[in-house]
Amino acid sequence: MIALFDAQFLLPIATGKASIFTQNLVFRVYPRTQFFHSSAPLRKKSNLSIGKSTEQAAIAQDVDGVTRMVKSEAQAALFDYLHSTRGYGFLDAEHISKNSPNFLQYLIDQVGKEKEVSRVLTKFFRYHPINEFEPFFESIGLNPSEVAYVVPRGLMFLCDDQTLLDNYHALANYGVPRSKIGRIYMEGKKVFHDEHGVLDGKLKEYERLGLSRSTVIKLITCSPLLLVGDVNKSFVGVLKRLEELGFDSNWIGVYLSANRTYNWNRILETLNFLIYIGYDDGELKKLVKNENTVIFDGSGKQVCVMASALLKLGLDMNGVYHLVLQNPRVLLPKCYKNFWKALHFLFEIEMEPEDIVQILCSHIDSLSSHSMSGPKTMLRIYGGNKERLRSVISKDPSAFFDVAFKQKTSNPEIIAARNPGNIWDKTQFLLRIGYSENTDAMVKALKKFRGRGDQLQERFDCLMQAGLDFSTVSTMVKHAPPVLNQSRDVLKKKIYFLKEYMGYPSEAMAAFPSYLCYDMERITARFSMYAWLREREAAKPMISLSTLLASSEARFMKYFVNIHPEGPAAWENITKSLLSWDRTV
């Protein structure tokens, strides 16, 4: 019985049924507007048909109907053309061929073959020189519409624009991810017209301000205009102001987002404005450190807009200062949005300015922490009578707000947790376990790992305490980031169950870190069934964790339940006992 179980489990299941991929499939390739030899749009291609083939049945199909093997061959052919035929460097040719999927799709459509794509494309390139700017611009991060807009007229070969290539290499060699150079090109195109060596000089100028190379890379990808012309004076002013407050030169790099554009002139004006309304160095440092989104989110625009609105309502500068100083969270993006919505509401129902000021000053914390229903909604409740509504608000604002506020609140603690300033510890943790700064992998990791840096470190230490070394745990969490998205107690429970109850070594988790991602119900049920089989010598000892947990329900039933005559009854008892235990918890 054991021999039969092993053979069936280890070998693929032969069903004798025809695979779905052996049926005739027709994939429609939708037209794509691109520019090739001239500025004229490409013509539509006809449908791509794939006939019956056992060989094709083993290859997964992508959504566009082209197999991964075909795409790999097309990439190889494009790489060989750029590197061997055209003489471009290995790294350039490799990056372009692997990061221009739309252009590759176009090439595949042109040859219209599913077999020997590499050979056919090699012949195609021999008689049809391509416009090399198309895959180049796509590989640096531009979408198809942007590529069509920036492809130069009258040029086909990249070497025809040596200045463009020189500046591209200057950025790539400095460490800027090639896929992010496209944004620099779109927002600061003049940079790519600089003579040889000019761009290198600009980058060194920013380093002389005390910035590290990684900070400079993040700065220029967020604010490409910093590279246009001389060193940006407004940015230098912001940097000096922050240094006067006691911040390190590279502190600013932690809080910048690659998804935003920054107006350094407005940021400098915001800092100066906060000083003007009465913030001293200590108060301003505390505000910038704890609520840095006030400065960087929207480049400080909300600060100026809010202060202007309060001044127009009749508050003097001291009043604005005390209001903001006592409620600094009102400047946070979410709170600011709620505050502005409440202000708009009070204006809509035609409340007097002095009454608005009184309500804002006495209830600013509530108004900024909650989202208020619109004036039309509240007027329907009060029969459309604005005067009655104003009277209710004036008599008892708190009671009115309980009705007007939406159920979903903007809890200050939740807002603080979303503060970009809190990614500092997380970034430092990721750097310690082997991620590199300013890389796509780091950006993805920041999204996948949930929790503060200290929480992630605590969970990481929990895995090391189970007997695994630092390198092993680092590899585990990189392969399965959700491992660290669980609480320390949950991790301890799963580790204890594996080692103490089932007798597995810690190394079993290293081989299959996703074990820690499964819920305890699945783990307990399947391992209990496996333990039952082992007691009856109907299963091998120490079967891999992936075999036990990753198998589908049908496969598990076949090889771990139905394999024994009494298995189904035992499995039913296990699931019932777990269900009854859950109800008593």
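Reply: Happy to. Accessible areas come from the Shrake-Rupley method with a 1.4 Å probe, and for residues only the protein chains shown count as cover. By that method, the accessible surface of the protein chain is about 30,500 Å², with 52% of it belonging to carbon and sulfur atoms. This is a predicted model, where local features need pLDDT of at least 70, side-chain atom pairs count only at pLDDT 80 or more, and totals for chains, interfaces and linings use all residues. Residues are numbered from 1 along each chain as its sequence is written, and side-chain values use heavy atoms, leaving out hydrogens and water.

Me: Why is H30 called roughly parallel to H32?

Reply: The axes of H30 (residues 488–501) and H32 (residues 520–535) cross at roughly 5° and come within 11 Å. Angles under 35 degrees count as roughly parallel, so H30 is roughly parallel to H32. Axes here are lines fitted to C-alpha atoms over the stretch in contact, with angles from 0 to 180 degrees between N-to-C directions.

Me: Which residues of H30 and H32 meet?

Reply: Contact means heavy atoms within 4.5 Å. Lys493, Lys494, Phe497, Leu498 and Tyr501 of H30 meet Met520, Ile523, Thr524, Phe527, Ser528 and Ala531 of H32.

Me: What is the kink in helix H21 centred on?

Reply: The kink in H21 (residues 353–369) is about 85° and is centred on His363. The bend at a residue is the angle between axes fitted to the seven residues ending there and the seven starting there. His363 is also among the buried residues of H21, as are Ile359 and Leu360; buried means under 20% relative accessible area (1.4 Å probe, protein chains only).

Methods
Helices (H or I, at least four residues) and strands (E, at least two) are DSSP runs, numbered from the N terminus. Angles under 35 degrees count as roughly parallel, over 145 as roughly antiparallel, 65 to 115 as roughly perpendicular and the rest as oblique. Buried means under 20% relative accessible area, exposed over 50%, partly exposed in between (1.4 Å probe, protein chains only).
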